[in-house]
Amino acid sequence: MATSDQVQVKIAAFARQLAEEFGEIDEENLDEHALSWLDAIETRAVAIGDAVTTELLRQKSSDRPATSLNREDESVCPQCGKLGPYRGQRERELIGRRGPVTISEPEYFCPCCRKSFFPEDQGDRR
Ligand SMILES: [Zn+2]
């Protein structure tokens with residue numbers, strides 16, 4: 001992924017801020033599992049990247065356009081085409097490249113099929 005100069009400046013500031021909060025990594029205070037100074041820094045960077053990924057996915061899953069469109073009182077059942085009432089949000093765990101991510105999606109109930117359905121699932125299940 002190419003990053004613009006502006007984004008690179010933000011990343012540098014964010015990394016400096018996190019380094020200050022977490023404390024310096026140097027040869028004397030290496031984590032017991034770290035193989036080296038480089039390994040310790042990479043481990044920390046991967047953990048930060050994973051946390052950023054999880055947060056981005058959480059934010060994106062809650063403000064996807066489909067989510068707000070489908071947060072109606074009713075939605076069309078994909079099986080029978082009848083309208084079903086909104087039942088609330090359901091949490092679902094997806095397995096991303098960097099591990100599990102929990103998203104929230106609207107749940108509807110079809111009175112004809114007598115089961116819940118999730119409009120956002122269409123094409124989203126892998
Ligand atoms: Zn139905």
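Predicted model: local features only at pLDDT ≥ 70, side-chain atom pairs only at ≥ 80, totals over all residues.
Residues are numbered from 1 along each chain as its sequence is written. Local features need pLDDT of at least 70, side-chain atom pairs count only at pLDDT 80 or more, and totals for chains, interfaces and linings use all residues.

Me: What makes up the secondary structure of the protein chain?
Reply: Three helices and four strands. Helices (H or I, at least four residues) and strands (E, at least two) are DSSP runs, numbered from the N terminus. The order of elements from that end is α-α-α-β-β-β-β.

Me: How do you know that the span of helix α1 agrees with its number of residues?
Reply: Helix α1 covers residues 5–22, which is 18 residues. The expected span is 1.5 Å times one less than the number of residues. Gly23 follows α1 and has a positive phi, near 90 degrees.

Me: Why is α1 said to lie largely in the open?
Reply: A residue is buried if 20 or more other C-beta atoms lie within 10 Å of its own, exposed if 12 or fewer, and partly exposed in between; C-beta atoms are placed from the backbone. In α1 the number of buried residues is zero, so the helix lies largely in the open. Across the 126 residues of the protein chain, 8% count as buried.

Me: Why is Trp37 called exposed?
Reply: Trp37 has 12 C-beta neighbours inside 10 Å, so it counts as exposed. It lies in helix α2 (residues 37–62). Its C-alpha atom is 7.0 Å from that of Ile25, 12 residues apart along the chain.

Me: What makes β1 and β2 a pair?
Reply: Two strands pair if DSSP finds at least two bridges between them. β1 and β2 (residues 83–96) have three bridges, in the antiparallel sense. Glu74 stands opposite Pro85 in β2.

Me: Which order do the strands of the open sheet take, and why do β1 and β4 count as edges?
Reply: The four strands run β1-β2-β3-β4, with antiparallel pairing. β1 (74–76) and β4 (115–117) each have a single partner strand, so one side of each is left without a neighbour in the sheet.

Me: Why is Arg114 classed as exposed?
Reply: Arg114 has 7 C-beta neighbours inside 10 Å, so it counts as exposed.
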